[in-house]
Amino acid sequence: MIKPREKAPNLEINLVNDTKWSLHDQTPENFTMIVFYRGKHCPVCKKQLEELKNKMSDFTERGVNLIAISSDNEEVAKETYKEWNIEGIPVGYNFSIDEARKWGLFISEGIKKEPKHFTEPGLFLIHKDGTVYWESIQSMPFGRSPLKEVLSGIDYILKEGYPARGEA
């Protein structure tokens, strides 16, 4: 398990726009927010990412870079990008199960039309210095942090200089 204030694991991922993204290359004003989502098969993920797209400018105004990542393969990830209303969000794919375990994400075995294995949701706020600031990890698709509350939390953090918590 990664604890707050620890250096985030190295993360390099291919994006649906045929470029590569690296966490270590990010230079946000304040944070980089990584949203790990279950994949195209998940209607809750679709709703979350479409809401994220609608709030992108709110995050940008607060100095937050964004990325959404799944273990879907390239073809499925590109279909997702075209079919969901998520234009503008960097979307990474082929996130390996081994890498997901380094981030402390829960892994599920597929049922019905789900992929054989995939990650359960997680949201990480990485401080501009590369350390983990905030993490929210779920073992189910339900009960994710509402983005409105995440934004309110970021406002409080920035206004009050609130430190990362949970590292003990």
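Figure 1. C42 is buried, with a relative accessible area of 1%, and C45 is buried at 0%. Buried denotes under 20% relative accessible area, exposed over 50%, and partly exposed the range in between (1.4 Å probe, protein chains only). Residues are numbered from 1 along each chain as its sequence is written, and side-chain values use heavy atoms, with hydrogens and water left out. Since the model is predicted, local features need pLDDT of at least 70 and side-chain atom pairs count only at pLDDT 80 or more, whereas totals for chains, interfaces and linings use all residues.

**Figure 2. Strand β3 and its two partners.** Helices (H or I, at least four residues) and strands (E, at least two) are DSSP runs, numbered from the N terminus. Strand β3 spans residues 31–36, and six of its six residues are buried. On one side lie F31, M33 and V35, and on the other T32, I34 and F36. Two strands pair if DSSP finds at least two bridges between them. With β4 (residues 64–69), β3 pairs in the parallel sense over six bridges; here I34 stands opposite I67. With β8 (residues 122–127), β3 pairs in the antiparallel sense over six bridges, and F31 stands opposite H127.

**Figure 3. The largest nonpolar core.** A nonpolar core is a set of buried Ala, Val, Leu, Ile, Met, Phe, Trp, Tyr and Cys residues joined through side-chain atoms within 4.5 Å. In soluble globular proteins, nonpolar side chains tend to be buried together. The largest core has 29 residues, of which M33, L49, L52, F59 and V64 touch the most other members. The elements that give two or more residues to this core include β3, α1 (43–54), α2 (56–61) and β4. The largest share, five residues, comes from α5.

Figure 4. A cavity is a set of points, on a 1 Å grid over the protein atoms alone, where a 1.4 Å probe fits but cannot get out; lining residues have an atom within 4 Å of a point. Grid points are joined across faces, edges and corners, and a volume is the space filled by probe spheres set on the points. The whole structure holds one cavity of 30 Å³ or more, and the largest cavity has about 60 Å³ of space. Its lining includes V35, F36, G122 and L123; β3 and β8 each supply at least two lining residues.

Conventions:
On a 1 Å grid over the protein atoms alone, a cavity is a set of points where a 1.4 Å probe fits but cannot get out, and a pocket is an open set with protein on both sides within 12 Å along at least five of seven lines; lining residues have an atom within 4 Å of a point.
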